Amino acid sequence: DLHVRSRRQRQMCIRDSLEAERVEAERLEAARLEAERLEWRARERQLRLRTHAWRERHFDRLVESAAH
């Protein structure tokens with residue numbers, strides 16, 4: 001009976017360990033995806049700022065060419 005109980009305890013420990021690894025892998029993947037999302041947001045913002053700056057520098061030329 002003791003042997004069966006200790007085998008069950010080992011199996012439960014292995015199962016718990018695998019579950020903990022799965023949870024940690026999911027946590028790491030979520031953190032990686034969040035970092036990627038933030039990086040894309042920063043790139044998008046930088047592109048918007050560059051576009052805005054370009055438009056300000058070239059606004060007069062754009063207006064003139066639209067008028068002709």
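A salt bridge is taken here as a side-chain nitrogen of Lys or Arg within 4 Å of a carboxyl oxygen of Asp or Glu. The legends below describe a predicted model.

**Figure 1. Salt bridge between E19 and R22.** In this view, E19 and R22 form a salt bridge in which the closest N and O atoms are 2.5 Å apart. The two residues are three positions apart in helix α1, so about one helical turn separates them. E19 has a relative accessibility of 37% and is therefore classed as partly exposed. R22, at 39% relative accessibility, is likewise partly exposed. Side chains of opposite charge can pair when their charged atoms come close.

Figure 2. The side chains of E26 and R22 meet in a salt bridge, with an N to O distance of 2.5 Å. E26 and R22 are four residues apart in helix α1, so the separation is about one helical turn. E26 counts as partly exposed, because its relative accessibility is 46%. R22 is also a partner of E19 in a salt bridge, and E19, R22 and E26 are linked in a network of such contacts.

**Figure 3. Salt bridge between R37 and E34.** R37 pairs with E34 in a salt bridge whose closest N and O atoms lie 2.7 Å apart. Both residues belong to helix α1 and are three residues apart, about one turn of the helix. R37 is partly exposed, with 38% relative accessibility, and E34 is partly exposed at 35%. In total, the structure holds nine salt bridges, one of which is the pair R37 and E34.

**Figure 4. R43 over the ring of W40.** R43 lies over the face of W40, at a distance of 5.1 Å from the ring centre. As for contacts between aromatic rings, the count of aromatic pairs comes to zero.

**Figure 5. Q11 and its separation from H68.** Q11 lies in helix α1, which comprises residues 2-67. Q11 and H68 are 57 residues apart in sequence, and their C-alpha atoms are 81 Å apart in space.

**Figure 6. The chain as the setting for the close-up views.** The secondary structure of the chain comes to one helix and zero strands. The radius of gyration is 29 Å, well over the 11 Å that the globule rule gives for 68 residues, so the chain is more spread out than a compact globule. Along its principal axes, the C-alpha trace spans about 95 × 15 × 5 Å. Buried residues account for 1% of the 68 residues in the chain. The accessible surface of the chain is about 6800 Å², and 57% of this surface belongs to carbon and sulfur atoms.

Terms used: Residues are numbered from 1 along each chain as its sequence is written. This is a predicted model: local features need pLDDT of at least 70, side-chain atom pairs count only at pLDDT 80 or more; totals for chains, interfaces and linings use all residues. Side-chain values use heavy atoms; hydrogens and water are left out. Rings of Phe, Tyr and Trp (its six-membered ring) pair if their centres lie within 6.5 Å; planes under 30 degrees apart count as stacked, over 60 as edge-to-face and the rest as tilted. A charge sits over a ring if NZ of Lys or CZ of Arg is within 6 Å of the ring centre and within 35 degrees of the ring normal. Buried means under 20% relative accessible area, exposed over 50%, partly exposed in between (1.4 Å probe, protein chains only). The radius of gyration is taken over C-alpha atoms; the globule rule is 2.2 Å times the number of residues to the power 0.38. Accessible areas come from the Shrake-Rupley method with a 1.4 Å probe; for residues, only the protein chains shown count as cover.
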